[in-house]
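Please keep the sequence and the coordinates in view while reading.

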Amino acid sequence: PILCLPFLRSPLPPFPPTSVRTRGGNEKHRALRLESGNFAWGSEHSTRKTRIIGVVYNASNNELVRTNTIVKNCIVQIDAAPFRQWYESHYAVPVTKKGVRSKDTEATDPKVQSAHVKRVFAERAKTAKIDPLLESQFSAGRLYAAISSRPGQSGRADGYVLEGAELAFYLKRLNAKKSSA
């Protein structure tokens, strides 16, 4: 008999968390493969489901980085697109200064907005400021985030986007690791 192989371009099936029986008949949900998770952007009070690209730093063990093992408090790279789309629709300004469109392209693509909507966006634009370190990550299309859930226990990878002093600390660690390698 000949084995039939699936068509190469077919998407991989999702890997649901497996249930593990624990003491007392309770269950843990073990996530064996995760490709997405919920991440919160603390300063903007926004949470989005986004794709996890890979593990970049783990304080406890470098082997976990090499094997892309997601554990609590590891630093991962996530896709920035959902946060970029939310920011640009909420503040009506682009996230990065590099991608600003010229005036002639704006004239060809007008948006019909009421006076109230224009006032709301003008008010929001006054407080729309992004940390320069975070802005450079948006231009690359990837953000650094920390995992705050326990994927081996709950079967989910939830976390928060790194900002401020915490982001500077981990960028310094990652740059030191790259320069020593």
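Two strands are taken to pair if DSSP finds at least two bridges between them, and both helices (H or I, at least four residues) and strands (E, at least two) are DSSP runs numbered from the N terminus. The model is predicted, so that local features need pLDDT of at least 70 and side-chain atom pairs count only at pLDDT 80 or more, while totals for chains, interfaces and linings use all residues. Residues are numbered from 1 along each chain as its sequence is written, and side-chain values use heavy atoms, with hydrogens and water left out.

**The barrel**

In the order 3-4-5-6-7, 5 strands close into a barrel whose pairing is mixed. From one strand to the next the twist averages 50°, where angles run from 0 to 180 degrees between N-to-C directions and axes are lines fitted to C-alpha atoms, for helices over the stretch in contact. Strand 6 (residues 142-147) has 5 of its 6 residues buried, buried meaning under 20% relative accessible area with a 1.4 Å probe and protein chains only.

| Pairing | Bridges | Direction |
|---|---|---|
| strand 5 (residues 75-79) with strand 6 | 5 bridges | antiparallel |
| strand 6 with strand 7 (residues 159-161) | 3 bridges | antiparallel |

Within these pairings, Asp79 stands opposite Arg142 of strand 6, and Ile147 has Gly159 in strand 7 as its bridge partner.

The axes of helix 5 (residues 132-140) and helix 7 (residues 164-180) come within 9 Å and cross at roughly 60°. Helix 5 is therefore oblique to helix 7, given that angles under 35 degrees count as roughly parallel, over 145 as roughly antiparallel, 65 to 115 as roughly perpendicular and the rest as oblique. Leu133, Leu134 and Gln137 of helix 5 meet Leu167, Ala168 and Leu171 of helix 7 in this contact.

Helix 2 and helix 4 (residues 115-126) pack with their axes 8 Å apart at an angle of about 120°, and these two helices are therefore oblique to each other as well. Ser89, His90 and Tyr91 of helix 2 make the contact with Phe121, Arg124 and Ala125 of helix 4.

**Aromatic pairs**

The structure holds 8 aromatic pairs, a pair being rings of Phe, Tyr and Trp (its six-membered ring) with centres within 6.5 Å, and with planes under 30 degrees apart counted as stacked, over 60 as edge-to-face and the rest as tilted. Trp41 and Phe83 form an edge-to-face pair because their ring centres lie 6.0 Å apart with the planes at 90°. Since Trp41 lies in strand 3 and Trp86 in helix 2, their pair ties together parts 45 residues apart in sequence; Trp86 is buried, as is Trp41. Ring pairs link Trp41, Phe83, Trp86, Tyr87, Tyr91 and Phe138 into a cluster.

Terms used
Buried < 20%, exposed > 50% of the residue type's maximum accessible area, 1.4 Å probe, protein only. Contact = heavy atoms within 4.5 Å.
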